[in-house]
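I opened the notebook to look up side-chain contacts.

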Amino acid sequence: MRLKSKPKFDARVLLATVAQGRTSKGYLKGQPIFSQGDRADAVFFIQSGKVKVTVLSQQGKQAVIALLGPGDFFGEGCLGGQPLRMATATAMTESGIARVAKPTMVRLLHRDAAFSEVFTTYLLSRNIRMEEDLVDQLFNSSERRLARILLLLANFGKEGRPETVVPKISQETLAEMVGTTRSRISHFMNKFRKLGFVAYNGGLEVHSSLLHVVLHD
């Protein structure tokens, strides 16, 4: 006898029932959701679209630290006592974003065990990803870092079917994520295309054969 699987918890459903302390807003492509140095007083949840999270150094150098999509949270640093935003979040496409005030988020985490479990699991997964990114930055070449980022953007290794990268990711953004120059990104992307690892058909298609770059020296 096969046991029925436990229904997957959907944070969207719970957040939709929150009457006070939650607002939803649409953002245009390129519109900031919050900026580095703003007051940190809420957690955000992506209902639709894509969001880019960047940091800017005192020397004016910008780095992309995350590309997020539907179902992702961001801005959770306020729950740990972070008074000001340490990064800037910008809509990469037209996006629907739910804003949950910090006191409301704290009540949800204490009140709903299922939501608390989902949120905690999300934070742990994000922490693991950040550790992997750090190792990648320290020990791998720019070419391998680019290959890994493209595979992650296409959902390889995640639940669900790998997909064409949407939205179109600029080479400038990829360079900020990899930590190299745009010219190097252009060189590697041309190489990947000639080898059949990626293709441009109305969007950037990432093929599983790109794993060869990540798994072999």
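I looked up E172 and found it partly exposed at 42% relative accessible area (partly exposed lies between buried, under 20%, and exposed, over 50%; 1.4 Å probe, protein chains only). This is a predicted model, where local features need pLDDT of at least 70 and side-chain atom pairs count only at pLDDT 80 or more, while totals for chains, interfaces and linings use all residues. Residues are numbered from 1 along each chain as its sequence is written, and side-chain values use heavy atoms, without hydrogens and water.

E172 makes a salt bridge with R182, with the closest N and O atoms 3.1 Å apart (a side-chain nitrogen of Lys or Arg within 4 Å of a carboxyl oxygen of Asp or Glu). R182 is partly exposed too, at 43%.

I searched the whole structure and got 8 salt bridges. D41 and R99 form one of them, at 3.1 Å between the closest N and O atoms. D41 is partly exposed at 24%, and R99 at 28%.

Next I checked R148 and D136, whose salt bridge is 3.6 Å, N to O. Here R148 is buried at 14% and D136 at 5%.

Then I turned to rings. I count 9 aromatic pairs (Phe, Tyr or Trp rings, the six-membered one for Trp, with centres within 6.5 Å; planes under 30 degrees apart are stacked, over 60 edge-to-face, the rest tilted). F73 and Y122 are edge-to-face, 5.5 Å between centres and 65° between planes. Both F73 and Y122 are buried.
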